[in-house]
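Good morning, everyone, and thank you for making time for this. Before I start talking, please take a moment to look at the sequence and the structure on the screen.

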Amino acid sequence: MKVLKHTHWIFYLLFALACARQTAPTGGPKDSIPPTLIASIPKQGQVNFKGTSVELSFSESILLSNPKEQILITPSIGKAFDIKAKKNQVTITFQEPLNDSTTYAINFREAVQDITEKNPAEMLKLAFSTGPYIDSLSIEGTVYDALEATAIKDATVALYQNDTFDIFKHNPVYITKSDAKGTFRIENLKPGRYFIYGMEDKNKNLLADSKSEAFGFLRDSIQLEKNVSGVTLPFFHLDSRPLKLTSARPSNTYFNIKAAKNLTTFNFMPPGKEPIVASFGPDQTNVYVYNTFPDSDSVLTRFTARDSLNNLVDTTFYIKFSDRNATPEPFNLQLSRFQVTGTKGLINGQIKFTKPVIELNFDSIYYSIDSTQRVSFDRTNIRWDSLHNILFLEKTFDKSLLPKAVDPVSRPISRAPQRPSAGNPTTKAPIEHQLYLGNAAFISIEGDSSKKLTERLPPSTLEDTGILLVEIKTEAKHFLVQLMTKDFEVIASKRNTKKFNFEDLKPGDYQLRLVIDENNDGKWSPGNFYIFQEPEPVIFYKNEKGAPILSLKANWELGPLLITH
């Protein structure tokens, strides 16, 4: 009875807690109006501010969303500030005194939101100065992927003024973030000389972490005397860490050399006559050396390798293999980009192997046109990329061997097939238009034999394919024109040719890009921040609507497609 007598106090307490908790009201029309700033200390554009905190009042009750990440203060004070929200007010308290005679800009982005629908305050910025005037210059532009020409959202764009500044080690002073279209604007800058760079900054440490993040920079500085716009900042992936080996030891049936980053090439210089057979492993941080000298306990060798920045590692070690019995890894192969161009009598494609190949059986490699005609191959039809274990196959043949297309008018009428009788079974259909790789067509360095593999490759005709006519206008002496799928896979290229066609293309969506090959090495080069070398320029073809996709239909011809640089 005494418990029941005092239960009403529990209900009073629960009611009071509910009133104190700030929650979104239920019912009624949806709130679509964002909070607006009605007052601030300091005021927008105030000078000679000496306070240690900033206070803002809004038109309605608000909440904070990830403020330490969303709020950008320039010049940067890092995260040395506290921020609190109460009802319709936000207070930022600085943990250290602000610099004298400095213009500060606070960009709240989407940190301040209403409590009903979480509508963020729009374009919420505050600028003030601890000195007698407000700096008012700005730099704006766009950030994009250098090789895909797509906008990069939420990239950190930064400025520095010291020539010894290292984007991989030092935090920037002036920063902003790009929007969904990749555009950025850094405001309230004083006149002077600035260098600009940017990074994805996935780990929020305000450093360009080249191992896992895309970044970009411009070699030339910006002399800021008036507002600057139209800055384009290409981003790219490039591991700029020093090149070093992390291990070199036996593993399974091979000797594994592992680097801290991707290698582009490597070489062995053994003191003796023992051949060294090696290739990249599953990625280009691993080099697999195979046992071609089983009678030796170990072999001393000199190993050199380079990365994409042309950094060199040069070392000497002993190659040795494990004494224990181990099962060799499977020997597999994969076909890609194979096609038969009927109008030219051409077969080409490539085969990727999981191990080096030491022997080919050409009697087991052929293209079957029909049961009576086949095209064979020999060593003149192959080219090897031994570092990656890729075989390139290309063969021209007499296209008159291919069956003539049947005129639809004279095509015989199709009849239903006769049911075979039990005593007279039908024969199997002849194998036509098939690439044949028989058993043991390839033998690996470890003695494995490849398994039988076939792939149907009907020859293309003019009616099956399309043509892209391309024209390049540039003063550059060396350049590449790359034809890609819509997923940016390069399927064909031309070098230093200003007017040409991409022919015998399957119907589908394509893209074209022009690479200015400044160092004439036949590929796109990403540059090097440490020697102030920018990545080589890349220009995409875009139609009159600004779209890069080319939709090619069968028996179509598109062009001329003009790219100007």
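This is a predicted model: local features need pLDDT of at least 70, side-chain atom pairs count only at pLDDT 80 or more; totals for chains, interfaces and linings use all residues.

Let me begin with the charges. Glu503 pairs with Lys344, with 3.1 Å between the closest N and O atoms. That bridge links distant parts of the chain, since Glu503 belongs to strand β38, residues 499-505, while Lys344 sits in the loop between β25 (333-341) and β26 (346-353), and the two are 159 residues apart. Glu503 is partly exposed, because its relative accessible area is 36%, and Lys344, at 45%, is partly exposed as well.

Lys344 also forms a salt bridge with Asp504, where the closest N and O atoms are again 3.1 Å apart. Because Lys344 lies in the loop between β25 and β26 and Asp504 in strand β38, this pair ties together parts of the chain that are 160 residues apart in sequence. Is Asp504 buried or exposed? With a relative accessible area of 10%, Asp504 is buried.

Another bridge joins the side chains of Asp448 and Lys355, at 3.0 Å from N to O. Here Asp448 lies in the loop between β33 (442-444) and β34 (453-456), and Lys355 in the loop between β26 and β27 (357-360), so the pair ties together parts that are 93 residues apart in sequence. Asp448 counts as buried at 19% relative accessibility, because the limit for buried is under 20%, and Lys355 counts as buried at 3%. Elsewhere, Lys125, Glu140, Arg185 and Glu187 are linked in a network of salt bridges.

Now to the rings. The structure holds 32 aromatic pairs. In one of them, the rings of Phe266 and Phe268 have centres 6.0 Å apart and planes at 75°, so the pair is edge-to-face. Phe266 is buried at 10% relative accessibility, and Phe268 is buried at 12%. Ring pairs also link a cluster, including Phe195, Tyr197, Phe217, Trp524 and Phe532. Charges meet rings too: Arg383 lies over the face of Phe392, 4.1 Å from the ring centre, and the charged end of Lys395 sits over the ring of Phe377, at 5.9 Å from its centre.

Arg219 is found in the loop between β15 (215-217) and β16 (222-224), and at 41% relative accessibility it counts as partly exposed. Leaving aside residues up to four places away in sequence, Arg219 touches Phe195, Phe532 and Glu534, and both Phe195 and Phe532 belong to the ring cluster. The C-alpha atoms of Arg219 and Tyr197 are separated by 9.3 Å, although the two residues are 22 apart along the chain. The side chain of Arg219 also makes a polar contact of 3.4 Å with the side chain of Asp220.

Asn528, in turn, is found in the loop between β39 (508-516) and β40 (538-540), and at 11% relative accessibility it counts as buried. Which residues does Asn528 touch, not counting those up to four places away in sequence? They are Phe217, Leu309 and Gln533, and of these Phe217 is part of the ring cluster.

Conventions. Residues are numbered from 1 along each chain as its sequence is written. Side-chain values use heavy atoms; hydrogens and water are left out. Helices (H or I, at least four residues) and strands (E, at least two) are DSSP runs, numbered from the N terminus. Buried means under 20% relative accessible area, exposed over 50%, partly exposed in between (1.4 Å probe, protein chains only). Contact means heavy atoms within 4.5 Å. Rings of Phe, Tyr and Trp (its six-membered ring) pair if their centres lie within 6.5 Å; planes under 30 degrees apart count as stacked, over 60 as edge-to-face and the rest as tilted. A charge sits over a ring if NZ of Lys or CZ of Arg is within 6 Å of the ring centre and within 35 degrees of the ring normal. A polar contact is a pair of N or O atoms within 3.5 Å; within protein, one must be able to donate a hydrogen and the other to accept it, and residues adjacent in sequence count only if both atoms are side-chain atoms. A salt bridge is a side-chain nitrogen of Lys or Arg within 4 Å of a carboxyl oxygen of Asp or Glu.
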